[in-house]
Amino acid sequence: GKTIVEGGNCLRVCPKYPQKLFQFSTTTDMLDNSQRKFYAIDLKDPAAFVQTGGETGLVGLDIDVADHHDALNWIASTYSPENDRIHAGTARSGVRIITFAPILSGDLFPLAEVIDYLLKLGSQGLNCPVEIEFAVNLGTQEKRAKDFYFLQIRPMTKAVHFEDVSLKTVDKSRVIGRSENTLGNMHVDYIDDVILVDPETFDRSKTVEIAGEVAKLNARLHKENRQYLLIGPGRWGTSEKWLGIPVQWQDISAARVIVEAAYGDFSPDPSFGTHFFQNLTSFEIGYFTVNQAVGNGWLDFRWLENQRVAYKTDHVKHLRLDKPLDILIDGHEGAGVILRDAEVPVYRTSTSG
């Protein structure tokens, strides 16, 4: 889970077609994209067992360490440079590649079939697509019984009607942000609060402190029943503080739309961590990722800097806009825009006498 959330190399498999690994179409792809590291618990560190779910005692190791412990026998293949071929298993000497081939292509353990069955059963029971988590204990003995532990099941998202949101008629003079990499489908025209991690004071060594400041502002707006646009650098919700702002979901619970933006040379790849982005889709929270350096949209920081500051911490600003924003996300195209100065309804009253 930690590897996936933080964008590390992993194996993507369709349980219905487990032998079709499209990311491994060539031997070069296998060598470049296969998992080279894994996380383990340091059993010599007594602090590792103080709290469940923490990262104390967690160590990153090369897969060579697992190979020395015979832990790759059932999940790895071996690259043979002599004939430029990949052979399932670890009986040969050579570079180990995590392919799960002995499981997916052999009869060692029906993992794909079990997953496919549970996904279908869960979808029928919850009447929607589901996400499951599981663990498997294969052991090191070939004849040892294999244990499958079913840990968790949750709905992927509730059914959402995709309203027709088009960006073709957008007034370009009002655009202050754009992205070709978005999640959601929405037209929101009532957001007049922005929580912005200040680009001028951003310090990547202070991301934990920034997360606390964001949580404080979120609590204020949540109490006032006001939703807001959240803008910050790198990855929101990451567990690695050097890659973004390590907030928990409750720290940004009042956000209606969030933006992951590149701040100068600080531009980690966007992370679609399972649980964090599950909350985005479940609660219909809009998401933008913006990195102008690689041609993915842009954000008008100059315009944001000129807006009224309602509250300020060491690294975060709360902006209160005179007119709300127009935020549009086309779920079919995966693109979105942020427009300034949405039309505000004017209500007139009259008196007589």
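## A guided tour of salt bridges

Begin by selecting K120, which counts as partly exposed because its relative accessibility is 43%; buried means under 20% relative accessible area, exposed over 50%, and partly exposed in between (1.4 Å probe, protein chains only). The model is predicted, so local features need pLDDT of at least 70 and side-chain atom pairs count only at pLDDT 80 or more, whereas totals for chains, interfaces and linings use all residues. Residues are numbered from 1 along each chain as its sequence is written, and side-chain values use heavy atoms, with hydrogens and water left out.

K120 and D116 are about one helical turn apart because they are four residues apart in helix α5 (residues 111-126). Helices (H or I, at least four residues) and strands (E, at least two) are DSSP runs, numbered from the N terminus.

Now select R154 and E131, whose side chains form a salt bridge at 3.9 Å, N to O. This pair links distant parts of the chain, 23 residues apart: R154 is in strand β7 (residues 147-155) and E131 in strand β6 (residues 130-137). E131 is buried, at 10% relative accessibility.

Move on to D265 and R204, where the closest N and O atoms of the salt bridge are 3.2 Å apart. D265 lies in the loop between β14 (255-261) and α7 (274-282), and R204 in the loop between β10 (186-197) and α6 (207-223), so the pair ties together parts 61 residues apart in sequence. D265 is exposed at 69%, while R204 is partly exposed at 35%.

Finally, select D192, D193, E224, R226 and R320, which a network of salt bridges links. The structure holds 13 salt bridges.

Technical notes
Salt bridge = Lys/Arg side-chain N within 4 Å of Asp/Glu carboxyl O.
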